Amino acid sequence: VVSAMAVMLEALQADNEVVERELDYHRAHHRQIAHTVGELLRSLDERVAEWRRQADRHLQVPLRTVLAAFERMVESTDQDTLQDFLEAFKGHAPDLAAAVQASAYTTGAAVQSVARLSDEFRRSIHHVRGESLMRAEEALSHRDVHAQRVAGAFASYAHTSAPASPGREGSARPDVRST
């Protein structure tokens, strides 16, 4: 009985190890996802902040100046307001062109950052999944060995504590066995 209980306890400990390994896998998976999402959000925040700086410097200020000159030109259709509008537009054309270029660069850089993080995330998930499958196979193998040991211990216990053989049923002598 004691040896069967010891084997059973060992089997339960093996099951506990399997559960702990599975929990470790899920913790590692969660940490990887949290890290990747955090990196993605930081990258996006950086790109948005850069875009806003570029937009303010290269787009909003020049556009306000050009639009103010345009509004003056619409109100007064004389030659001087037309000339002011054209000069404002000409003077801020490089800033407007830079804003368009920066917008294309920022978008391209953001796409590259997301693609890089996506590839890194996929690689890490494949790695964690591979480790998990390997650990699961090891744990199942370990569990099968323990299950066989438990079955063997119970079979041995059942054999030693089986009722007396049929030829001894009518015997007046009690069945004395050591356990």
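**Helices, surface and pairs**

Author: The chain has 2 helices and 0 strands. Helices (H or I, at least four residues) and strands (E, at least two) are DSSP runs, numbered from the N terminus.

Reader: What should I know before we start?
Author: This is a predicted model, where local features need pLDDT of at least 70 and side-chain atom pairs count only at pLDDT 80 or more, while totals for chains, interfaces and linings use all residues. Residues are numbered from 1 along each chain as its sequence is written, and side-chain values use heavy atoms, with hydrogens and water left out.

Reader: What share of the residues is buried?
Author: Of the 179 residues in the chain, 20% are buried. Buried means under 20% relative accessible area, exposed means over 50%, and partly exposed is in between (1.4 Å probe, protein chains only).

Reader: Switching topic. How many salt bridges are there?
Author: The count is 3. A salt bridge here is a side-chain nitrogen of Lys or Arg within 4 Å of a carboxyl oxygen of Asp or Glu.

Reader: Why would such side chains pair at all?
Author: Opposite charges can pair when their charged atoms come close.

Reader: Which residue does arginine 27 meet?
Author: Aspartate 24, at 3.7 Å from N to O. Arginine 27 and aspartate 24 are about one helical turn apart, because they sit 3 residues apart in helix H1.

Reader: What about arginine 42?
Author: The side chain of arginine 42 meets glutamate 39 in a salt bridge, 2.7 Å from N to O. Both lie in helix H1, 3 residues apart, about one turn. Arginine 42 has a relative accessible area of 45%, and glutamate 39 has 27%.

Reader: And arginine 53?
Author: Arginine 53 bridges to glutamate 50, at 2.7 Å from N to O.

Reader: Which residues form the negative patch?
Author: Asp78, Asp80, Asp84 and Glu87. Lys and Arg count as positive, Asp and Glu as negative; His and the chain ends are not counted. Each charge is placed at NZ of Lys, CZ of Arg, CG of Asp or CD of Glu.

Reader: Where is aspartate 78?
Author: In the loop between helix H1 (2-75) and helix H2 (79-160). Aspartate 78 is partly exposed, at 34% relative accessibility.

Reader: Last one. What does histidine 92 contact?
Author: Leaving aside neighbours within four places in sequence, histidine 92 contacts Pro62, Thr65 and Val66. Contact means heavy atoms within 4.5 Å. Histidine 92 lies in helix H2 and is buried, because its relative accessible area is 19%.

Methods: Patches are made of residues with over 30% relative accessible area and no salt bridge: like charges are joined within 9 Å, nonpolar side chains (Val, Leu, Ile, Met, Phe, Trp, Tyr) within 5 Å. Accessible areas come from the Shrake-Rupley method with a 1.4 Å probe; for residues, only the protein chains shown count as cover.
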